Amino acid sequence: MTGPSGPSGPSGPSGPGIPGQPTFPSRGGTGAGPGPGPGGVDPGALDPGETLALTTRGTAGPSPSRRASLGSGDAPSSDSATGQAGSPGSVGSAGSVGVTSGGWEPGNRRPPWHPAELFSPARLRLLGVMVLVGLLAAVVTGRTGNSDKPLQAAWDSIVDPRIVLFLVLAVALWLVVVLGGELRALVTRLATPVRAPFATAYGRRGGPIGLNLVLLAVAIIAPLLFSTAAQQSMVNDIGIYALLALGLNVVVGYAGLLDLGYIAFFAIGAYATAYFSSQTAMPWHAPFTLNPFFVFPIALILAGLAGVILGAPTLRLRGDYLAIVTLGFGEIIQIVANNADSITNGARGAFGVPHLSIHLPGIDYTWGIEPLPYYYLLLAIIVLVMIAFGRLERSRIGRSWAAIREDEIAAEATGVATLRLKLLAFAIGASVSGFAGVLFASKQFFNPQSFSLQASFFVVAVVIFGGLGSRLGVVVGAVVLQGLAFYLRDKVQPADRYIYFGAVIVVMMIFRPQGLVPSRRRRREIELSEAGIGGADALGPAPTGARP
Amino acid sequence: MGRRPLLGAIALATAVTLSAAACGSSGGDSSSDGKKTITIGFQGVLSGDNQQLGLNALYGMRTAVSEINADPSSTFELKLVESDDAGSPDQGPTAAQKLIDNDKIVAVVGPMFSGATKASEPAYTQAGLLSVSPSATNPALTTLGFKTFYRVIAPDTVQGKAAADYVAGVLKAKKVYSLDDKSDYGTGLSGALEPELKAKGVEVVHDGINPTKDYTSEATKIIASSPDALYYSGYYAELALLTKALKDKGFTGKIISGDGSLDPQYVAQAGATAAEGSYLTCPCGDANSDPKAAPFVASYKKVNNGVKPGTYSGEAYDATKALATVFKQLGSDVSRDSVLKAFAGVNYQGITKTISFETNGEVKGSNVYVYQVKNGAITVLGNIADLIKS
Amino acid sequence: MGFFDQFWQLTIDGLMVGSLYAVIALGYTLVYGVLQLINFAHSEVFMLGSFGGLFAARALLPDHGVPGGFESVCLVAVGLGVGAACGALAAFTLERVAYRPLRRRAAPRLAYLISAIGASLFAVNLAGKEFGRQNVDLPDLFHNGTVFTIFGAQVSTQSLVIFGVAIAMLIGLDRLVAGTRLGQGIRAVAQDADTAVLMGVNVERIIIVTFIVGGLLAGAGGFLYAMTFNASYNMGFVPGVKAFTAAVLGGIGNVRGAMLGGLLLGLVESYGGYLFQASYKDVIAFLVLVAILMIRPSGLLGERLGRAA
């Protein structure tokens, strides 16, 4: 089985737990108890003494206070110490909790502000964690130090009067969490992936058209409300990354293949543009000059071809091996671009790629250096790509990808040409990336720095942050992540920008690992994987410490 | 109600943290006593792997700004707006646009890296906003039609030629190993140096290596080709590691590098024993060793928590001071337009060089100095042109 | 000067760097073995350990020139110890903050990847803020001369120390995994966590211990690295990617594979950098990796940690 989550609802001796639980009626019924968690996997195994302390609290979901975890010492014993009766999963799901134990017993419930309740060891521990977070926040926002006195700056920030603010905040946060009512329910609900009834997972297909139109209208109007600098960022950071993320979503989200060198195809698109549309940008150029618009199809094909060339030999590799090979490919493309002075102009980059322009009878328009026209062009492309991928997702191909992602062996057995379809996903993803590259190259100067490994990672982050497999999700991911980066630009010292950025990503993943706007299908897959059926992605089961 | 309280609390915490941070970072501009405030921008590398170079320049600017603001005779106060481009072309246009959008800004010091410059300069040209780069040395920059681009640092070609003269003429090297860091700057410099050396009949071995920490096998490679001298085109952090690796393996040739390595941190990071005797060329005066620049060094340290000036600090300081002289000349008529026009004719005696420009924005004069690490400190040997004659 | 004249010197260089890769790679491989998870923030564990060891050694460094004899041994030992402790602490915190909450809710695997990238960004930039963005030099802790010459290649004290300590750690870990009760637990979890639970293995504890052991090695490795290559806030990324490559090369999840992969990668880089322009050496390393994966799709020694010993 995958994941140590037994059908704890019905079978687990969860008697005492349920009454205190603010209700998850549907849970028990579906048998998809949330109780995953390695937590799960039994505290205290090597030590029989600890094992006795196990409690089973039915569908007890995860809670932060489970940081207490191994400390089954304070997992006192509620009346269901016979927990081992359940499957190992259900044992686990509760085993490590050991908090707020008394509170859940029906007849014996003290108000949450009762001192004995308030200062239970687990809550004190939570307070400790909050205070640590407060101190960390003080350090993060404090002075910049140097290596001569390594810890001086951190110390200064902690003894600074400002610390009072952070500590008060930490305690307030703790009180909110502790007294905020049904903490457990709350955290459980937050913690478990958002679940819709199964019916909706297969429900309406097109999504709410009205909502989509509103979003589109917002996207059209939004840039007019912002400064030109923000518009620049909306093109360079948000727009391009949204497009890249849509492409990568096909590879990672639909087909479940982890590609860590995705930006390489972007580079191929950009250099193809320089090659075909300018005589001066690179030492190596085509004997003729094309309008960048005509390079779009060429780059599409070239990047797709590169995807096939990379994919054909490597797609037989399993998840993580593929990840490292694609990572290597990304590195190779960047290094070669940086070194081949006589072909790509090396580190000096390609300057002078013409802007996009249309010369048709009646229309004569050239995109200049203003970001706004590029924004609308990008928006149009993104919308088109989203529509196209929506159709693709629901087509036979899309369903085959889903099958591969959910269970490759079963898919193969039922006649899905797995390798060919994976290759197709790779090629489609790559061509979108190449497309974006043309746009970028025609917009502005670029050099190999633009195609770094970090950029590849960032696209992956956008996809997962937004919601793997969800077209709207990945676009929202690009908007939120890049928007955050732009927002922080003025708010904090530039050098500290990525401290906040990193913290937001971690917090987000802790509270919403399924991403901002998860796709319905993925939601169901995550549910199933929690229930122990299949993996949440084609990369194997969730790393819970147990596996099939 | 569900999740609201916790999320609310987190949002609150984040908001407070961010605003606290914002307050923390923006302290200390006090404009009062009726002086006019002039705003200038800085665009440079303030995040990413090269941010130390950006900080060097920014600190130099801050020093100049605080000197000017503390000067009772000055008729205006300077206000500095920073914009980070991470040194990359992707973020260049956004960073530049941010400064352009702020219509109080009348001039910009930056961009710093050639790649970011090429990406940003079209926007500056269109907006008619003067940009003075303290560090972009790619020779092509002044030929690409940017009307607002000036730089207070000589292009690679100037330094490459002088360095070749020195290596061949004074150090009498017969075989030179030219290593660059495959960056825009490094390849530019080695590309200027190598033909000059070859023209003088010096045997040149070329290699490029991406900035890394591990130069062990590169050191073996260099020693195996037994050159008389190694010229490294790149920055001090890598040169320091390379020097250490070479000295560990007993390299006896001379180690020479360019302006990117003229930084006291070179000696600190390589260790004084390893760095001893290395040569550094630079088309600039070195603030730390030049007695005339002592006041600058002192006020730099005062403004920036005791940090010593580093690579590009002096250039950024000079650029800011040169801007200030223009503001002074213009009196009340300070606008983007007037500043741009007046800056072409500036003549200011800076600490790194005399700042005056050719029509294409290139700084005039091409004195390249050579420095050597002696007793753990970088000391000036003299102007290369003079050293060759003697 | 031909390649073969320098062959042995390059081999020595490659082995020194490779042994460091191997030490870091073990962290990736152990965590992968137990959780099937690429711990992308491991490079920051390495970085923090390196700073810890460096600052400790620097604080104790006497004023008079280069120390020698017993003093040197103590300094190196303290640096290694503090580095390892910092690495272990960092790894432990990382597991608590970035991974455990996700494991609690059976998040999809990619969520871990992103959580790790976030944690890594946070740690790198916070370290940059606290310790400055300059490289930090660790003065010599001992006289670094040529100890002996083998086939015309010089072996310096430093490379000997690094190689020796690294190999000692590798052997120690191998013994730990193969021969102790703890190792048995790790292997049991790696082979089949569900069954391990039934057999009475405390999986949660094994996971934490695995992270800590990986952190200890990375931290000590970080100190060794700082001894030669200086420390800086962004030092982790490149060796991190290399070590990950090494782990995959040897067969990720396999302890001996990681050792072999690390040494091999070091050698390939060393030879490749000599034969071609040095900036292509990463290209060569990755091409070798791809070639090996084509022939042996799960690395040189296959992947299971459980089968490693």
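How many helices and strands make up the secondary structure of chain A? Chain A comes to 25 helices and two strands. The model is predicted. The points below cover chain A, then the domains and sheet of chain B, then a few backbone details in chains B and C.

**Chain A overall**
- Chain A has 548 residues, and 59% of them are buried.
- Take the contacts in chain A between residues at least 6 apart in sequence: 77% of these join residues at least 24 apart.

**The hairpin of chain A**
- Strand β1 (residues 357-360) of chain A pairs with strand β2 (residues 363-366) of chain A. The pairing is antiparallel and runs over four bridges.
- A:I358 stands opposite A:Y365 of β2(A).
- Two residues lie between the strands of this hairpin, and A:G362 has a positive phi near 95 degrees.

**Helix α12 of chain A**
- Helix α12 (residues 209-221) of chain A has 13 residues. At 1.5 Å a residue it should span 18 Å, and its end C-alpha atoms are 18 Å apart, so the two values agree.
- One of the 13 residues of α12(A) is buried, so the helix lies largely in the open.
- A:L213 belongs to helix α12 of chain A. It counts as exposed because it has 10 C-beta neighbours inside 10 Å, and the cut-off for exposed is 12 or fewer.
- A:L213 and A:A137 are 76 residues apart in sequence. Their C-alpha atoms are 40 Å apart in space.

**Domains of chain B**
- Domain 1 of chain B gives 10 residues to the contact, and domain 2 of chain B gives 13 residues.
- On the side of domain 1 of chain B that touches domain 2 of chain B, three residues are nonpolar, six are polar and one is charged.

**The seven-stranded sheet of chain B**
- Seven strands of chain B form an open sheet with mixed pairing, in the order β7-β6-β8-β9-β10-β13-β14.
- The edge strands are β7 (203-208) and β14 (377-383) of chain B, and each pairs on one side only.
- From one strand to the next, the twist averages 25 degrees.
- Strand β13 (residues 369-374) of chain B pairs with β14(B) in the antiparallel sense, over six bridges. B:K374 has B:A377 of β14(B) as its bridge partner.
- Helix α5 (residues 156-170) of chain B packs on the sheet. It touches β6 (175-180), β8 (229-233), β9 (254-257), β10 (279-282) and β13 of chain B. The direction of α5 makes about 145 degrees with that of β10(B).

**Backbone details in chains B and C**
- Most residues other than glycine have a negative phi, and most peptide bonds are trans.
- The peptide bond from B:G110 to B:P111 is cis, with omega near -10 degrees. B:P111 sits in the loop between β3 (105-109) and α4 (114-127) of chain B.
- B:A86 is not a glycine, yet it has a positive phi of about 55 degrees. Its place is the loop between β2 (76-84) and α3 (92-101) of chain B.
- Is B:A86 buried or exposed? B:A86 is buried, with 23 other C-beta atoms within 10 Å.
- C:F151 is not a glycine either, and it has a positive phi of about 50 degrees. C:F151 lies in the loop between β1 (146-150) and β2 (153-156) of chain C.
- C:F151 has 9 C-beta neighbours inside 10 Å, so it counts as exposed.

How values were computed. Residues are numbered from 1 along each chain as its sequence is written. Chains are lettered from A and ligands numbered from 1 in the order in which they are written. This is a predicted model: local features need pLDDT of at least 70, side-chain atom pairs count only at pLDDT 80 or more; totals for chains, interfaces and linings use all residues. Two residues are in contact if their C-beta atoms, placed from the backbone, lie within 7 Å. Ala, Val, Leu, Ile, Met, Phe, Trp, Tyr, Cys and Pro count as nonpolar, Asp, Glu, Lys and Arg as charged, and the others, Gly among them, as polar. Two strands pair if DSSP finds at least two bridges between them. Axes are lines fitted to C-alpha atoms, for helices over the stretch in contact, and angles run from 0 to 180 degrees between N-to-C directions. The expected span of a helix is 1.5 Å times one less than its number of residues. A residue is buried if 20 or more other C-beta atoms lie within 10 Å of its own, exposed if 12 or fewer, and partly exposed in between; C-beta atoms are placed from the backbone.
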